[in-house]
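Me: I have a structure open and would like to go through it piece by piece. Can you take my questions as they come?

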Amino acid sequence: MRRLPSPLIDFRTALSEAISGVGDATVRANYQAQFADPNDVAIETEFQASAQTAMLYSLPRIASDDGDLVVYGNLRKSALTKLYTQYFVPKGKPARQLYDRLKLTANGKCPLCGDIGHVRTLDHYIPKANFPLYSVMPGNLIPCCRDCNTEKLDAFSATLDGQTLHPYFDDEKFFDEQWVAARVIPSGPPVIEYYISPPDYWSPAEKSRVAAHFLEYDLAERFGVEAGADLSETIDTRRTTLRDFSPVEYAEYLREKSVNMSLPVNNWRRVMFSCLASDEWFCSHPH
Ligand SMILES: [Zn+2]
């Protein structure tokens with residue numbers, strides 16, 4: 001849920017670097033022949049236009065049980081997915097430098113879970129198994145952490161509403177406006193529970209999309225785990241260094257903490273401190 005600048009690498013560059021790593025001269029020449037036509041520019045234009053309007057779900061999809069179909073020119077699904085698995089990812093292949101550059105654009109923090117995890121891999125926003133033509137499309141390759149990569153379902157949504165957020169192309173509102181919320185469960189020890197609360201004026205589809213993102217990446221659970229660890233430290237501080245603060249002073253301290261860290265609006269820690277600051281029970285009750 002952090003915005004990333006869209007990649008500066010274009011599809012033609014990604015393709016030609018991947019193809020240049022094909023060892024067998026006949027196979028390499030065939031790839032080159034299939035992508036010789038400037039049509040590959042149209043493939044990228046169509047991808048980007050679809051991504052900007054949240055229409056990627058509607059691109060031609062190959063069902064898992066369709067087998068190894070011919071997808072583009074004479075290239076089968078397997079030949080297109082290999083462009084990524086065998087000629088883009090492996091260390092030592094010329095395209096590997098593009099893979100590494102794409103990973104670096106996130107500055108090490110995963111944009112999908114809002115900075116919980118460290119970037120370890122690239123994730124296909126639309127899966128290469130169903131959309132093999134986009135296996136090395138830079139705009140389809142999102143740096144992410146291992147947990148987000150594992151949580152992600154193999155089947156990409158078949159509807160607009162079910163699509164997760166795209167850090168390169170989606171509307172700014174998903175990144176700039178708050179839709180992650182939390183509440184304090186007054187128990188001993190207190191627990192933070194996360195849920196979604198998108199702005200009222202958002203369209204039903206926009207609200208559904210953040211719900212899909214929250215669910216697919218298991219963010220309620222993962223944010224809760226992070227908050228649990230942080231909360232015990234916060235309570236310790238209240239008991240010791242901040243023991244003389246009144247509830248109002250303490251609430252003010254928590255509120256400042258939520259904004260002073262200059263975290264994105266939907267970051268779990270920022271949401272946690274702002275929720276604690278507004279919770280009268282938490283601020284006045286000795287835990
Ligand atoms: Zn992540």
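Reply: What follows goes from the whole chain down to single residues, and the model is a predicted one.

Me: What share of the residues is buried?

Reply: Of the 287 residues in the protein chain, 46% are buried. As for contacts with a separation of 6 or more, 68% of them are between residues 24 or more positions apart.

Me: Which domains does the domain assignment give?

Reply: The assignment gives domain 1, residues 11-161, and domain 2, residues 173-284. Their C-alpha centres lie 35 Å apart. The contact between them takes 16 residues from domain 1 and 15 residues from domain 2.

Me: Now the inside. Which residues touch the most other members of the largest nonpolar core?

Reply: Phe35, Leu83, Phe88, Ile192 and Tyr194 do, in a core of 81 residues. Helix α11, residues 268-278, supplies the largest share of this core, with 7 residues.

Me: Where does that core lie relative to domain 1 and domain 2?

Reply: Between them, because domain 1 and domain 2 both give residues to this core.

Me: Pick Phe88. What is it in contact with, leaving aside neighbours within four places in sequence?

Reply: Phe88 is in contact with Ala14, Ala18, Leu83, Ala95, Arg96, Leu98, Tyr99, Leu102, Val136 and Leu141. Leu83 is also one of the residues that touch the most other core members.

Me: Switching to helix packing. How do α1 and α3 meet?

Reply: The axes of α1 (residues 11-20) and α3 (residues 39-52) come within 9 Å and cross at roughly 125°. The two helices are therefore oblique to each other.

Me: Which residues make that contact?

Reply: From α1, Phe11, Arg12 and Leu15; from α3, Asp40, Val41, Ile43 and Glu44. By type, the residues of the contact are 4 nonpolar, no polar and 3 charged.

Me: Next, Asn130. Buried or exposed?

Reply: Asn130 has a relative accessible area of 7%, so Asn130 is buried. It is found in the loop between β3 (121-124) and β4 (141-144).

Me: What is Asn130 in contact with, again leaving aside its neighbours within four places in sequence?

Reply: Pro60, Arg61, Ile62, Ala63, Ser64 and Asp154 are in contact with Asn130.

Me: On to the backbone. Which peptide bond is cis, with omega near -5°?

Reply: The bond from Gly188 to Pro189. Pro189 lies in the loop between β5 (180-185) and β6 (191-196).

Me: Then Ser262. Where is it, and what is its phi?

Reply: Ser262 sits in the loop between α10 (247-260) and α11. Phi of Ser262 is near 40°, again a positive value in a residue other than glycine.

Me: Is Ser262 buried or exposed?

Reply: Ser262 counts as exposed, because its relative accessibility is 64%.

Terms used: Residues numbered from 1 in each chain as written. Predicted model: local features only at pLDDT ≥ 70, side-chain atom pairs only at ≥ 80, totals over all residues. Heavy atoms only, no water. Axes fitted to C-alpha atoms, helices over the stretch in contact; angles between N-to-C directions. Helix = DSSP H or I, 4+ residues; strand = E, 2+ residues; numbered from the N terminus. Parallel < 35°, antiparallel > 145°, perpendicular 65-115°, else oblique. Contact = heavy atoms within 4.5 Å. Nonpolar A, V, L, I, M, F, W, Y, C, P; charged D, E, K, R; others polar. Core = buried A, V, L, I, M, F, W, Y, C linked by side-chain atoms within 4.5 Å. Buried < 20%, exposed > 50% of the residue type's maximum accessible area, 1.4 Å probe, protein only. Domains from an automatic or database assignment.
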